[in-house]
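Here is a friendly briefing to read alongside your structure. Have the sequence and the 3D view open, and follow the topics in any order you like.

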Amino acid sequence: MKKRKSMFVRCVALMLVLALIIALSPDAGEQVQAKTTKATVSMKSKSVTKYTLSLANVEKDKVYYNGNSDIPYFELSSRLEEVKGLQKDGNPTKFSISSKVKGSKVTWTKTSVYGSNRVIFDYKKNTITFDDINAFFRREGLSLVGAEGGIQAVSDLFQSDEKSNYSRHGSRIVINLNKYGIKLLKDKKSFYIPVQTYADLFFSNSGIIQVFNGESLFISNNTQLGDMKEKYNSAKKRKFSKEFVDFNYGELCLLYDCQYGLKESHDIKSFDEFFNDTGLVNLIKNQDSLGTDLALNTMINLYFDDLHCAFGLPSWNTDSEEYEKSVTTLPQGAYRTRTMGIMNELTSYRQKQVPNGIPAYQEVEDTAYITFDEFGFDPAADHKVLPTDADLPTLGTDTIRLVQYAVNKITRAGSPIKNVVVDLSLNGGGVVFTGAYLLAAFLGTSSMASKDMITGAQSMTNYKVDTNLDGVFDEKDTLANRGLNLFCFTSGFSYSCGNMVPAVFKDSGKVTLVGRTTGGGSCAVSYGSTASGSIVQTSSPKRFSFSKNGGFYDVDRGAEPDVFIKDMSKLYDRKYMNTVLAKID
């Protein structure tokens, strides 16, 4: 009876969505194109407040409006220092970004140890061209595709093998804004770029969110805006113009065309086509921002149906009560529902087996178990001091310190350990470079292969790591070649880094996978916003892969176990699993 009721509720929910689409529908199938008539440019400035990461970091900024239009613009040259600031974040190298104006073109040139790379704003053709978008946003010490961003914080613990690293540069990207109904504007004094276009191309590619509520700019590194959320939602609500609604739709198409890394596997040629094929265009092109919020929820949770994609916050302009009432009726994708069911099931099994919480490191007879549910990193921790037994209760949230503790414990004088298990059965992913640290600790060298699904750029980066903190990268830092039996527990919830690490383990032939096929999740996460104020998280074009025979193979389908476990409730009975491991050749 409960199953029938659940099915009935889902059917009703889907009908409600379809009814809402029809009710809010303008003409379906309408294509996004900029008007060919030449716009009159009469820019008026407006002073706004800008909050960066927190309400404590506040400064003044300016946006511009063309006549009576409600589409906000930035003066282009005023963004140059900000772009430099985005590049400096976590970047130890010296670089410069210069600007040159010639006729109707503005060219930004970044010069660094990797050479010169240009962004060309062509105000006559209404295009933005990146000669090499991967190289423009590249930071020193990272691969070209850069999926392991943030590694600079602990760079002393990694040694990159320059002899086996390589990069293949991708295609030139020409963004024709006419296709999206977006206009670059210029007058006799200045060049202007829409606030949202700038956010889509420069903030999203830097792993940061910029969103505007008509009164203030908010810059954040998370989709919930931290302590800025209440201020963000406090703006006076208004009805968007038809011009703004069309612009919002075009920007949304631009964002996902440039930032979604799974278009090929979802058979999406363009997001304008996708939104029309699904009927979501009718929700997005409604003048009430609730329509865009519901469309994004439906796209992410039903059509995308992967755990990297998530809806962050509804627009500041959406009525919160109406949103909460409407969003609960929306259907969920089958994979997302199934995967979260696996997580709940395994969590229940583990709770019954270890009611007081599972230790991050545990020795059971001759087997060491390393267990953590997130590839985490604590920037405030001291990663140059070996953790002690007293630190163990906190190590599950910092993978690097946990690996340091575990390797040195396992390799201590007189150690009884013959088997080592890293349990990723409830690991949903996290910080990529901590996954590289774990891989090198187990295999001797971690191989990080990445591909940009938009440009075609590829990178292979190999690392050795220092786990005993003696400043030397040698065999003492790894569990490889010590005669140990190495295992990894996996499940259908092992996702993102919790999927990438087992995939590399399996390809190496040195670590035995035990459990079930991992859950996939091959892309690094990126963030974005809409002109109407919604905030989203998505699977970026930077896709984790492993390299074999010189080819790049993504890990989105998951890694199959070498040893299948039928009764997954036994996975957390460590003494029982010791008997299972003992029978594996």
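In this briefing, two residues are in contact, or touch, when they have heavy atoms within 4.5 Å of each other. Please keep in mind that this is a predicted model.

**Nonpolar cores**

- The largest nonpolar core has 91 residues, and the members that touch the most others are F202, Y256 and F275.
- Helix α6, spanning residues 242-259, gives the most to this core, with 10 residues.
- Leaving out residues up to four places away in sequence, F202 touches V83, L86, W108, V119, F121, F130, F136 and F137.
- Another core of 55 residues lies apart from the largest one, and A360, L395, I400 and L513 are among its residues.

**The five-stranded sheet**

- Five strands make an open sheet in the order β4-β5-β6-β7-β10, and their pairing is antiparallel.
- The edges are taken by β4 (96-102) and β10 (173-176); each has a single partner strand, so one side of each is left without a neighbour in the sheet.
- From one strand to the next, the twist averages 15°.
- Between β4 and β5 (residues 105-112), which run antiparallel, there are seven bridges, and S98 stands opposite T109 in β5.
- Helix α2 (residues 80-88) packs on this sheet, where α2 touches β4 and β5, and the direction of α2 makes about 150° with that of β4.

- Four bridges pair β16 with β17 (residues 367-371) in the antiparallel sense, and Y369 in β17 is the bridge partner of Q362.

**A look at K229**

- K229 lies in helix α5, residues 229-233.
- Not counting residues up to four places away in sequence, K229 touches Q224 and L313.
- K229 and S54 are 175 residues apart in sequence, and their C-alpha atoms are 9.6 Å apart in space.

Definitions and conventions. Residues numbered from 1 in each chain as written. Predicted model: local features only at pLDDT ≥ 70, side-chain atom pairs only at ≥ 80, totals over all residues. Heavy atoms only, no water. Core = buried A, V, L, I, M, F, W, Y, C linked by side-chain atoms within 4.5 Å. Buried < 20%, exposed > 50% of the residue type's maximum accessible area, 1.4 Å probe, protein only. Helix = DSSP H or I, 4+ residues; strand = E, 2+ residues; numbered from the N terminus. Pairing = 2+ DSSP bridges. Axes fitted to C-alpha atoms, helices over the stretch in contact; angles between N-to-C directions.
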